Amino acid sequence: MTSPNDRSQKHHLWRPYTQMKSAAPPLEAVRTHGSRIVLADGRELIDGIASWWTAAHGYNHPHIRAAVAAQLEAMPHVMFGGLTHAPAERLAARLAALLPGDLDHVFFTDSGSVAVEVALKMAVQMWINRGVSGRTRILSFREGYHGDTLGAMSVCDPDEGMHRRFGAYLPAQVFCDLPRTAAQVAALDATLAAERATLAAVIVEPLVQGAGGMRMHPPEVLATVARLAERHGLPLIADEIFTGFGRTGTLFACEQAGIVPDILCLSKALTGGTMALAATVATGAVFECFLSDDPAAALMHGPTFMANPLACAAANASLDLFEGEPRLRQAATIAAALADGLEPLRDLPQVADIRVLGAIGAVQFRAPPDLADLKRRFLARGTWVRPFGDIVYLTPALTIGADDLAHLLEAMRAVVAETAP
């Protein structure tokens with residue numbers, strides 16, 4: 001039972017992406033296990049989105065929990081300015097070994113948005129350190145999303161994205177359509193040529209534009225972006241914050257296109273959804289632009305909790321699980337189940353498209369549905385699913401059991417079918 005004092009405490013919370021005047025009260029979570037969220041009222045919900053795509057191994061995995069507990073006993077945190085520690089050094093070396101090509105230099109932060117901010121700063125300062133002026137803009141792609149901080153917002157879709165109200169406040173960037181057609185390839189090539197003198201980099205979400213609408217593109221499109229960026233001498237930033245760590249069926253989405261970006265961003269599933277941690281990883285060519293006798297040529301960024309030892313311990317434990325347990329095979333099993341389970345919805349008049357890639361399944365409506373009603377219907381079926389815009393999607397833990405996954409798909413079919421066209 002909630003006491004008056006508890007209700008007063010809830011009043012002080014300002015919640016994310018929420019209109020606080022009219023929003024329904026949030027559900028109180030008290031415990032998690034596997035793919036389940038346990039609420040204060042005793043209900044258990046099957047989590048269909050892995051807590052914003054982070055809990056790749058499910059909740060409360062004993063190996064990660066033990067690693068964090070051991071690190072807590074030894075050293076929960078120490079500043080990374082002038083000091084180092086084994087968990088961060090080990091994690092950086094392991095990421096460098098797993099990532100394609102010579103992505104060998106790891107800068108740790110504590111959120112995906114900040115990882116993108118650092119990537120943008122790396123690209124801009126790289127040109128400054130080379131003595132080249134005027135290269136301050138980024139080419140990004142329409143329908144994309146890269147985060148909520150200032151620089152990250154500026155490379156999100158400027159017209160349809162959630163940050164369009166900030167347009168006058170944001171740095172002016174360059175936008176193109178992803179090159180899916182010959183005409184779009186030519187347009188991207190022409191834009192890169194025309195704007196080259198002002199561009200610092202190209203940024204892309206490999207294979208899936210996540211929060212922009214779960215919009216998927218084949219590896220050939222990503223390879224084209226990489227080829228054109230290289231043709232015009234521009235570094236390529238791959239935002240793998242959503243796609244990294246098995247979500248698309250390979251450990252990193254870039255692998256499917258056979259490309260090596262110059263800078264790559266990671267977060268979300270990096271710690272298996274246990275702790276806040278992110279990484280911006282650069283190739284040797286980028287890193288060498290910051291090696292100088294001039295102190296001002298150093299990368300000017302330093303989060304207070306950079307390379308937090310607890311988070312690094314969790315991430316190392318998560319990598320142990322990717323190495324020792326069949327996560328990619330589990331992703332393939334989920335992909336097959338999503339494809340089979342969602343396909344019956346394709347013929348409904350209210351459904352515009354069904355998209356599946358790896359452990360991602362999305363249903364797109366022809367018109368935006370009543371999101372609050374959809375959320376209530378999913379809750380009534382014991383599931384935690386968070387539709388947005390005209391999309392309802394599933395991104396479950398890679399470890400989800402067959403029965404829980406079947407329950408999610410049954411709920412998805414029922415709720416979508418009940419939604420009036």
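Q: Which strands each supply at least two residues of the lining of the largest cavity?
A: The model is a predicted one. Its largest cavity is lined by Ser-140, Phe-141, Gly-144, His-146, Leu-178, Ile-203, Val-204, Glu-205 and Gln-209. Ser-140 and Phe-141 are in that lining, and β5 covers 137-141. Ile-203 and Val-204 are there too, and β7 covers 199-204. The strands asked for are β5 and β7.

Q: How do the residues of the lining of the largest cavity divide by class?
A: The lining includes Phe-141, Leu-178, Ile-203 and Val-204, which count as nonpolar. Glu-205 is also in the lining and counts as charged. The division is four nonpolar, four polar and one charged.

Q: What is the volume of the second largest cavity?
A: The structure holds two cavities of 30 Å³ or more. The largest cavity has a volume of about 40 Å³. For the second largest cavity the volume is about 30 Å³.

Q: How many nonpolar, polar and charged residues line the second largest cavity?
A: Trp-53, Ala-56, Phe-242, Gly-244, Phe-245, Arg-247, Ala-269 and Leu-398 form this lining. Gly counts as polar and Arg as charged. The lining therefore divides into six nonpolar, one polar and one charged.

Q: Which element gives the largest share of the lining of the second largest pocket?
A: This pocket has a volume of about 410 Å³ and is lined by 18 residues. The largest share is four residues, and it comes from β4.

Q: Which residues of the second largest pocket lie nearest its centre, and how does the lining divide by class?
A: The lining of the second largest pocket has 15 nonpolar, two polar and one charged residues. Those nearest the centre of the pocket are His-105, Val-106, Phe-107, Phe-287 and Leu-299.

Q: Are α3 and α11 roughly parallel or roughly antiparallel to each other?
A: The axes of α3 (residues 62-74) and α11 (residues 309-324) come within 8 Å and cross at roughly 150 degrees. Angles over 145 degrees count as roughly antiparallel. The two helices are therefore roughly antiparallel.

Q: Is the crossing of α3 past α11 left-handed or right-handed, and which residues of α3 take part in the contact?
A: α3 passes α11 in a right-handed crossing. On the α11 side, the contact holds Pro-309, Leu-310, Ala-313, Ala-314, Ala-317, Ser-318, Asp-320 and Leu-321. The residues of this contact divide into 10 nonpolar, three polar and one charged. From α3 come His-63, Ile-64, Ala-67, Val-68, Gln-71 and Leu-72.

Q: How many charged residues are in the contact of α4 with α11?
A: The axes of α4 (residues 86-98) and α11 come within 9 Å and cross at roughly 35 degrees, and the crossing is left-handed. Pro-87, Ala-88, Arg-90, Leu-91, Arg-94, Leu-95 and Leu-98 of α4 meet Pro-309, Cys-312, Ala-313, Ala-315, Asn-316, Leu-319, Asp-320 and Glu-323 of α11. Besides 10 nonpolar residues and one polar residue, the number of charged residues in this contact is four.

Q: What is the orientation of α12 to α14?
A: The axes of α12 (residues 327-342) and α14 (residues 402-418) come within 10 Å and cross at roughly 25 degrees. Angles under 35 degrees count as roughly parallel. α12 is therefore roughly parallel to α14.

Q: Which residues of α14 are met by α12?
A: α12 passes α14 in a right-handed crossing. By class, the contact has seven nonpolar, one polar and one charged residues. Ile-334, Ala-337, Leu-338, Gly-341 and Leu-342 are the α12 side, and their partners in α14 are Leu-405, Leu-409, Met-412 and Arg-413.

Definitions and conventions
Residues are numbered from 1 along each chain as its sequence is written. This is a predicted model: local features need pLDDT of at least 70, side-chain atom pairs count only at pLDDT 80 or more; totals for chains, interfaces and linings use all residues. Side-chain values use heavy atoms; hydrogens and water are left out. Axes are lines fitted to C-alpha atoms, for helices over the stretch in contact, and angles run from 0 to 180 degrees between N-to-C directions. Angles under 35 degrees count as roughly parallel, over 145 as roughly antiparallel, 65 to 115 as roughly perpendicular and the rest as oblique. A crossing is left-handed if the near helix is turned anticlockwise from the far one by less than a right angle, and right-handed if clockwise. Contact means heavy atoms within 4.5 Å. On a 1 Å grid over the protein atoms alone, a cavity is a set of points where a 1.4 Å probe fits but cannot get out, and a pocket is an open set with protein on both sides within 12 Å along at least five of seven lines; lining residues have an atom within 4 Å of a point. Grid points are joined across faces, edges and corners, and a volume is the space filled by probe spheres set on the points.
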